[in-house]
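Let's go through this model together, one question at a time. Have the sequence and the 3D view open as you read.

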Amino acid sequence: MGQISVMNTAMIGRFCGAFLLGLLGFFGVTDLQAETLAEGLAQETQAWTQGSYYLPEPAREAYFARLQSQAHDLSRHYPHQADPLVWEGIITATHAKYQNLFSALGTARQARDVLLQAVAIDSSAMDGSGLITLGALYFRVPKFGSFGDDDKARQYLQQALKVDPDNIDANFFYGKFLLTQGDKPHALICLKKVIDTLPRPQSIEADRARQAEARDLLSQDF
């Protein structure tokens, strides 16, 4: 049984490694080349979606580390543009999600700093996605030993909802935040809006995933 377990682990590791290399090559993560900013952002969107929803979880840390580096290169190539900074921040925050706690805190700070640059340029960029991700970071990172801050989380998420009141991500994270604050009545309003809003054509997979998470929260807390 021990040998079988070791063999299975090795096989899973080889599969994840091969799958990761395939995705990296297919989506150009090893060498993103885009003639325009729109093409670069589209590549990042596609790569983030595939890594988040289709890549085996053991391979995600390495995948998003590479994607973070490429996202940073795109931001440097288009200075003073909010959209690539927003995507760099989102990708960096996603990378932190799959790291160990010690590494994740440093990466989360990098994401925060990039997103602060983005919202300083244009807080409404990408339907307020920079504000949403900042809000999510501020309430999800530890209050002690990091930059967690419930007041700032509320501020950024409320700003995001002013930019786009029907935004699925903004309503999801604000609803989740309100649950941590014990405000179930208002959390219920936000989470129901997440479920009732039609997914955006450009973000169908991500929006449907958020809706599934919202349903799960409602089943647990209400």
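## Contacts, helices and rings

Residues 24 or more positions apart account for 61% of the chain's contacts (heavy atoms within 4.5 Å) with a separation of 6 or more. This is a predicted model, where local features need pLDDT of at least 70 and side-chain atom pairs count only at pLDDT 80 or more, while totals for chains, interfaces and linings use all residues. Residues are numbered from 1 along each chain as its sequence is written, and side-chain values use heavy atoms, with hydrogens and water left out.

Q: How many helices and how many strands does the chain have?
A: Helices (H or I, at least four residues) and strands (E, at least two) are DSSP runs, numbered from the N terminus. Read along the sequence, the pattern is α-α-α-α-α-α-α-α-α-α. The count is 10 helices and zero strands.

Q: What percentage of the residues of the chain count as buried?
A: Buried means under 20% relative accessible area, exposed means over 50%, and partly exposed lies in between (1.4 Å probe, protein chains only). The accessible surface of the chain, from the Shrake-Rupley method with a 1.4 Å probe and, for residues, only the protein chains shown as cover, comes to about 11700 Å², of which 56% belongs to carbon and sulfur atoms. Of the 222 residues, the buried part is 47%.

Q: Which helix gives the most to the lining of the largest pocket?
A: On a 1 Å grid over the protein atoms alone, a pocket is an open set of points where a 1.4 Å probe fits, with protein on both sides within 12 Å along at least five of seven lines, and lining residues have an atom within 4 Å of a point. The lining has 44 residues, and Trp48, Ile90, Thr94, Thr133 and Arg210 lie nearest the centre. Helices that each supply at least two lining residues include H2 (37-53), H4 (82-97) and H10 (204-221). The most comes from H6, with eight residues.

Q: How much space lies in the largest pocket?
A: Grid points are joined across faces, edges and corners, and a volume is the space filled by probe spheres set on the points. For the largest pocket, that space is about 1200 Å³.

Q: What is the angle between the planes of Tyr138 and Phe147?
A: Rings of Phe, Tyr and Trp (its six-membered ring) pair if their centres lie within 6.5 Å; planes under 30 degrees apart count as stacked, over 60 as edge-to-face and the rest as tilted. The structure holds nine aromatic pairs. Tyr138 and Phe147 form one that is edge-to-face, with 5.3 Å centre to centre and an angle of 85°.

Q: Are Tyr138 and Phe147 buried or exposed?
A: Tyr138 has a relative accessible area of 5%, and Phe147 has one of 10%. Because both values are under 20%, Tyr138 and Phe147 are buried.

Q: Which residue lies over the face of Phe147?
A: A charge sits over a ring if NZ of Lys or CZ of Arg is within 6 Å of the ring centre and within 35 degrees of the ring normal. Here the distance from the ring centre is 4.6 Å, and the residue is Arg112.

Q: How far apart in space are Ala118 and Ala82, C-alpha to C-alpha?
A: Ala118 is found in helix H5 and is buried, with a relative accessible area of 0%. Leaving aside neighbours within four places in sequence, Ala118 is in contact with Ala82, Leu85 and Val86. Ala118 and Ala82 are 36 residues apart in sequence, and in space they are separated by 4.6 Å.

Q: What is the phi of Asp127?
A: Asp127 is found in helix H6 and is partly exposed at 35% relative accessibility. Met126 also lies in H6 and has a positive phi of about 55° although it is not a glycine. Asp127, not a glycine either, has a positive phi of about 60°.

Q: Is Gln202 buried or exposed?
A: Gln202 lies in the loop between H9 and H10. Its C-alpha atom is separated by 9.3 Å from that of Thr45, 157 residues apart along the chain. With a relative accessible area of 54%, Gln202 is exposed.
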